Amino acid sequence: MLNVTAVARAAAAYDLPVVLSTVGVELGMNTGTIQALRAELPDAQEIDRTTLNSWEDPEFRAAVEATGRRKLIVTGLWTEVCVAFPTLDMLREGYDVYPVTNAIGGVSRDAHERAVQRMTQAGAQPVTAISLTCELQRDWGRPGADSPRRILRWYFPELQKLTS
């Protein structure tokens, strides 16, 4: 929860387009996006789909394509499904894909690690929530540096609470 929230805050801070999807909410399988994430992304349209691979959903795919971006940051619920499947397809279509490896999780550590390995071998560029935030900023002297500072000032105390 901590890391996906950090990614959402970074997306908001840098005014990045967000495509938010759920799977099976309308079928009663799931409850939708967690409230903490919705609070960080109040204006993001939620696309409910039935496909396991979000890239195979026409509405999701159209929303990604409409951003005009070729570099995509990806998080999700299950590394080996929600992130790996669309990442592999997006890579095949020439996108640069950055899965945020600590903002997703597999059904097991092994499942997560194998999925990250598979995506990396295919050309994905794994990042973490904080490395992503810092890479977006790149220089503390650049305008807008207060946004990542706020994220970091929030993040590390929250991380300490979780690890103590």
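**Exercise 1. List the buried residues of helix α4 and say what they pack against.**

Step 1. The buried residues of α4 are T79, E80, V81, C82, V83, A84, P86, T87, L88, D89, M90 and L91. Buried means under 20% relative accessible area, exposed over 50%, and partly exposed in between (1.4 Å probe, protein chains only). Helices (H or I, at least four residues) and strands (E, at least two) are DSSP runs, numbered from the N terminus.

Step 2. Count them: 12 of the 14 residues of α4 are buried, so the helix is mostly covered.

Step 3. Find the partners. The buried residues of α4 pack against β3 (71-74), β4 (96-99) and α5 (109-122). Contact means heavy atoms within 4.5 Å.

A note on the model: it is predicted, local features need pLDDT of at least 70, side-chain atom pairs count only at pLDDT 80 or more, and totals for chains, interfaces and linings use all residues. Residues are numbered from 1 along each chain as its sequence is written, and side-chain values use heavy atoms, with hydrogens and water left out.

**Exercise 2. Check the span of helix α4 (residues 79-92).**

Step 1. The expected span is 1.5 Å times one less than the number of residues.

Step 2. Look just past the helix. G94 takes a positive phi of about 90°.

**Exercise 3. How do helices α6 (residues 129-137) and α7 (residues 146-163) cross?**

Step 1. Their axes come within 10 Å and cross at roughly 165°. Axes are lines fitted to C-alpha atoms, for helices over the stretch in contact, and angles run from 0 to 180 degrees between N-to-C directions.

Step 2. Classify the angle. Under 35 degrees counts as roughly parallel, over 145 as roughly antiparallel, 65 to 115 as roughly perpendicular, and the rest as oblique. Therefore α6 and α7 are roughly antiparallel.

Step 3. Name the residues. I130, T133, C134 and Q137 in α6 meet P148, I151, L152, Y155 and F156 in α7.

**Exercise 4. Is A6 buried or exposed, and which residues does A6 contact?**

Step 1. A6 has 0% relative accessibility, so A6 counts as buried.

Step 2. Leave aside neighbours within four places in sequence. A6 is then in contact with A129, T133, W154 and Y155.
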